[in-house]
Amino acid sequence: MTKIPFVTKEALNSITEQYPTPFHLYDEKGIRETARALNAAFSWNPGFKEYFAVKATPTPAILKILQEENCGVDCATDTELVMAERMGFKDILFTSNVTKAQEYQLARKVNATINLDAYEHIAFLEEVAGLPEVVSLRYNPGGVFSLGTDIMDHPEESKFGMTKAQLLQGYKDLKAKGVQTFGLHAFLASNTLTNDYYPILAGQLFDLAVEIKKLVGIELDFIDLSGGIGVNYKPEQEQNDIARIGAGVHAKYDEILVPNGLGNLKIYTELGRFMLAPHGHLVTRVLHIKDTYRRYVGVDATAANLMRPAFYDAYHHITNISNPDGPVEVVDVTGSLCENNDKFAKNRELPKVRLGDTLVIHDAGAHGASMGYNYNGRLRSAEILLQEDGSTRMIRRAETMEDYFATIQGFDF
Ligand SMILES: Cc1ncc(COP(=O)(O)O)c(C=O)c1O
């Protein structure tokens, strides 16, 4: 099985003539289609909003497209908050952890809705920035999060969120302090490839909302299902069906919330990967081929451009767009970092790769460029937008050596 790039060989040839590899290429059409499909899937909920997780792709031209598709943003740091503010976002969530006082102050200033990660942060927020009118609490139920017999993740090992007892006490404290509007947030499994994750999570959070109403006497304003909907990095994996996911959450909503007088509750999401991953390619060129105990295809991109394979041993599909019908051979595709984990693929079957071939690394649109770093003095590459009319636009230039040297003090470079 294979994956088809969102750009043709001919179109990519003319793009690589214009922009030197490596670069990240984003597909505006696909981004808009996904945003529309998500909004349609949750259109049954009048208050629904996707707050795109900025960390996934913190590139203003991408955020602007999502803004035009009625999305807000979820920020985790002061830098992301400033980016959101400068872009004129009005709908901003702030879901942080180990948060600095200045970050809470900034979140208040830009009128972001704050998701508090810790019970202890209620007092901290009050002290450093004052309590806002709206406060949301992040829940961590502990134990394992499973779907049937499948263990999806281990909240008990996660540093995020607060226990149920802390959550209930937190709402009581906030209510006593005059806060009037409340949210509930949970992110319990990452990159899920099932249409059941959101409905199961929503069911648990809806039950909790009913309990909170009974025990604390407050009606939550929103439930934030956060991120976690995955993408089929491997071509043989089945893609999530967002319409079915939306319908699954709707069924739980009607079953649990409506009969308990909570039928006005808004649903929020903070998806990153689902929104952007498939709509970004890392485009790279083959520099060297080396034969030792394996065949190594050395490319001009490195883990500094896309860290996921090195970091998580994550699979990213690769298309040899220059020679798609060549005879298949088994190779490792590597970058140039002085780290043996700088490999985009290990023992991968690829149509014969030749010097100068262009390779497309799929599903790099989220947690790709944004995780870039500068090891070995490698520089972050450019980001290019393939616009709906087929034209391209550079939306972030590549770093230069002068950028890299710019922060050095005491030496005149
Ligand atoms: C608080 C929060 N929200 C949303 C996301 C986005 O998750 P995903 O890209 O899996 O949708 C993340 C990812 O790390 C996160 O930490």
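Analyst: S226 is a place to start: S226 sits in the loop between β10 (222-224) and α9 (242-257). The model is predicted.

User: Why is S226 called buried?

Analyst: The cut-off for buried is 20 or more other C-beta atoms within 10 Å. S226 has 26 C-beta neighbours inside 10 Å, so S226 counts as buried.

User: What makes the backbone of S226 worth a remark?

Analyst: S226 has a positive phi of about 60°, although S226 is not a glycine. D313 is another non-glycine residue with a positive phi, of about 55°.

User: Where is D313, and is D313 buried or exposed?

Analyst: D313 lies in the loop between α11 (308-312) and β14 (318-320).

User: What does the record say about C338?

Analyst: The UniProt annotation "active site" covers C338, and the entry is unreviewed. Such annotations may be inferred rather than shown by experiment. In the model, C338 is in the loop between β15 (328-334) and β16 (343-351).

User: What makes the peptide bond from T21 to P22 cis?

Analyst: That peptide bond has omega near -5° and is cis. P22 is in the loop between α1 (9-18) and β1 (23-27).

User: Which residues touch the most other members of the largest nonpolar core?

Analyst: The core has 109 residues, and F52, V73, L201, L205, A209 and I223 touch the most other members. Helix α8 (residues 197-216) gives the most to this core, with ten residues. Domain 1 (9-24 + 278-405) and domain 2 (28-273) each contribute at least three residues to this core. In soluble globular proteins, nonpolar side chains tend to be buried together.

User: What is F52 in contact with beyond its neighbours in sequence?

Analyst: Leaving aside neighbours within four places in sequence, F52 is in contact with L63, L66, C71, V73, D74, L271, G272 and M275. The cut-off for a contact is C-beta atoms within 7 Å.

User: How many residues does each domain give to the contact between domain 1 and domain 2?

Analyst: The C-alpha centres of domain 1 and domain 2 lie 32 Å apart. The contact takes 19 residues from domain 1 and 17 residues from domain 2. On the domain 1 side, β18 (382-386) and β19 (392-396) each supply at least two residues, and β18 gives the most, with three. By class, that side has eight nonpolar, seven polar and four charged residues.

User: Which residues come nearest to the ligand?

Analyst: A53, G227, E270, G272 and R273 come nearest, of 17 residues around the ligand. The shell has six nonpolar, seven polar and four charged residues. G272 is also among the contacts of F52.

Notes. Residues numbered from 1 in each chain as written. Predicted model: local features only at pLDDT ≥ 70, side-chain atom pairs only at ≥ 80, totals over all residues. Near = placed C-beta within 6 Å. Nonpolar A, V, L, I, M, F, W, Y, C, P; charged D, E, K, R; others polar. Domains from an automatic or database assignment. Contact = placed C-beta atoms within 7 Å. Helix = DSSP H or I, 4+ residues; strand = E, 2+ residues; numbered from the N terminus. Core = buried A, V, L, I, M, F, W, Y, C linked by C-beta atoms within 7 Å. Buried ≥ 20, exposed ≤ 12 C-beta atoms within 10 Å, placed from the backbone.
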